[in-house]
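Visitor: I would like a close look at one part of this model, taken slowly. Please begin with the setting and then go through the part itself.

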Amino acid sequence: MNSVQENKNELEAAVRYCESAISRAKQTIESMEFRQQAASKAWHEHTGREAALEREVAELKLEYEELKTNMALMTDENVKLRETCNLQKDQVAMFQRKMTRLSEVDR
């Protein structure tokens with residue numbers, strides 16, 4: 001009978017060992033699933049931020065191109081205004097010379 005009791009005790013100890021191993025394995029699986037979910041969430045957040053940044057970069061590039069175009073147009077306009085200003089200065093100088101000659105003739 002002693003041998004049967006010992007075998008029974010050994011089997012019960014083996015069962016407890018197996019149950020403990022199963023419990024640890026379940027905890028490990030739960031931990032791994034939690035880490036996987038956290039990593040997946042972080043990846044999706046990162047991907048979302050990356051996509052938002054890419055959209056912002058595209059918008060900034062477009063704005064930069066518009067600003068370059070506007071600057072070129074303003075530079076062209078500035079050149080035209082300077083030419084007009086120089087022409088007006090030349091016309092004023094010519095008018096003043098004519099007025100000076102007319103006033104000398106009138107004397």
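Guide: What follows is a walk along helix 1, beginning with the chain as a whole.

The model is predicted. The chain contains 1 helix and 0 strands. Helix 1 covers residues 2-106, and the chain has 107 residues. A look at helix 1 is therefore also a look at the overall form of the chain, given that helices are taken as DSSP runs of at least four residues.

Start with the dimensions. Along its principal axes, the C-alpha trace spans about 155 × 15 × 10 Å. The radius of gyration of the chain is 45 Å, whereas a compact globule of 107 residues would have one near 13 Å.

Pairs of residues show what this form does to distances. Met32 and Met99 are 67 residues apart in sequence, and their C-alpha atoms are 98 Å apart in space. For Thr47 and Cys85, a separation of 38 residues in sequence goes with 56 Å from C-alpha to C-alpha. Gln88 and Glu104 are 16 residues apart along the chain, with 24 Å between their C-alpha atoms.

Next comes the question of cover. Buried residues make up 0% of the 107 residues. Cys85 is found in helix 1, and its relative accessibility of 35% is why Cys85 counts as partly exposed. Gln88 also belongs to helix 1, and Gln88 is partly exposed because its relative accessible area is 46%. The chain as a whole exposes about 10300 Å², and carbon and sulfur atoms supply 59% of that area.

Now the charges. The chain carries 17 positive and 20 negative side chains. The centres of these two sets lie 7 Å apart. Side chains of opposite charge can pair when their charged atoms come close. In this model the count comes to 2 salt bridges.

One of them joins the side chains of Lys8 and Glu12, at 3.9 Å from N to O. The cut-off for a salt bridge is 4 Å, so this pair falls within it. Both residues lie in helix 1, 4 residues apart, which is about one turn of the helix. Lys8 is partly exposed, with a relative accessible area of 44%. Glu12 is partly exposed as well, at 36%.

The other salt bridge is between the side chains of Glu65 and Lys68, at 3.6 Å from N to O. Glu65 and Lys68 are 3 residues apart in helix 1, so about one helical turn separates them. Glu65 counts as partly exposed because its relative accessibility is 40%. Lys68 has a relative accessible area of 36% and is likewise partly exposed.

Some charged residues gather with others of like charge. Glu56, Glu59, Glu63 and Glu66 form a patch of negative charge on the surface. Take Glu56, whose place is in helix 1. Glu56 has a relative accessible area of 43%, so it is partly exposed and passes the 30% cut-off.

There is a nonpolar patch too. Phe95, Met99 and Leu102 make a nonpolar surface patch of about 320 Å². Met99 is one of its members, and the place of Met99 is in helix 1.

To put the parts together: the chain has 1 helix, and its C-alpha trace spans about 155 × 15 × 10 Å.

Definitions and conventions: Residues are numbered from 1 along each chain as its sequence is written. This is a predicted model: local features need pLDDT of at least 70, side-chain atom pairs count only at pLDDT 80 or more; totals for chains, interfaces and linings use all residues. Side-chain values use heavy atoms; hydrogens and water are left out. Patches are made of residues with over 30% relative accessible area and no salt bridge: like charges are joined within 9 Å, nonpolar side chains (Val, Leu, Ile, Met, Phe, Trp, Tyr) within 5 Å. Accessible areas come from the Shrake-Rupley method with a 1.4 Å probe; for residues, only the protein chains shown count as cover. Lys and Arg count as positive and Asp and Glu as negative; His and the chain ends are not counted. The place of a charge is taken as NZ of Lys, CZ of Arg, CG of Asp or CD of Glu. Helices (H or I, at least four residues) and strands (E, at least two) are DSSP runs, numbered from the N terminus. Buried means under 20% relative accessible area, exposed over 50%, partly exposed in between (1.4 Å probe, protein chains only). The radius of gyration is taken over C-alpha atoms; the globule rule is 2.2 Å times the number of residues to the power 0.38.
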